[in-house]
Amino acid sequence: MFFGSNALYPVSVMPGWLQAVSRVNPLSYQVDALRGLLLGTPAHLPADFGVLALAAVLGITAASSLLGRLVR
């Protein structure tokens with residue numbers, strides 16, 4: 001996930017397939033939000049937090065549905 005995010009390189013210099021991975025990677029949105037907050041230019045902050053909230057809901061839902069299988 002870290003390699004597929006925009007934490008190391010800008011998305012514009014990535015190959016096309018890695019740009020597609022970066023668009024669906026929640027870590028990219030977390031890095032974008034953190035950069036915006038630290039630099040004082042939170043341009044995409046509502047979208048970043050929206051994607052992160054959606055990823056958290058999906059992760060919690062998946063984990064809670066799989067928990068029953070682990071307990072048995």
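The conversation below takes several terms in turn.

Mentor: This is a predicted model, in which local features need pLDDT of at least 70, side-chain atom pairs count only at pLDDT 80 or more, and totals for chains, interfaces and linings use all residues. Residues are numbered from 1 along each chain as its sequence is written, and side-chain values use heavy atoms, with hydrogens and water left out.

Trainee: Why is N25 called buried?

Mentor: Buried means under 20% relative accessible area, exposed over 50%, and partly exposed in between (1.4 Å probe, protein chains only). N25 has a relative accessible area of 6%, so N25 is buried.

Trainee: Where does N25 lie, and what does N25 touch?

Mentor: N25 lies in the loop between α1 (16-24) and α2 (26-39); helices here are DSSP runs (H or I, at least four residues), numbered from the N terminus. Setting aside residues up to four places away in sequence, N25 touches M1, G4 and S5, where contact means heavy atoms within 4.5 Å.

Trainee: What makes N25 a cap of α2?

Mentor: A side-chain oxygen of N25 lies 3.1 Å from the backbone nitrogen of L27, at the N-terminal end of α2. A polar contact is a pair of N or O atoms within 3.5 Å; within protein, one must be able to donate a hydrogen and the other to accept it, and residues adjacent in sequence count only if both atoms are side-chain atoms.

Trainee: Why is L52 called partly exposed?

Mentor: The relative accessible area of L52 is 23%, and therefore L52 is partly exposed. L52 is found in helix α3 and touches P26, Y29 and Q30, not counting residues up to four places away in sequence. The C-alpha atoms of L52 and Y29 are separated by 7.0 Å, although these residues are 23 residues apart along the chain.

Trainee: How do you know that the span of α2 is close to the expected one?

Mentor: The expected span of a helix is 1.5 Å times one less than its number of residues. With 14 residues, α2 reaches 20 Å from its first C-alpha to its last, close to the 20 Å expected.

Trainee: Why is N6 called buried?

Mentor: N6 has a relative accessible area of 11%, so N6 is buried. N6 is found in the segment before α1. Leaving aside neighbours within four places in sequence, N6 is in contact with several residues, including V11, M14 and S22.

Definitions and conventions
Helices (H or I, at least four residues) and strands (E, at least two) are DSSP runs, numbered from the N terminus.
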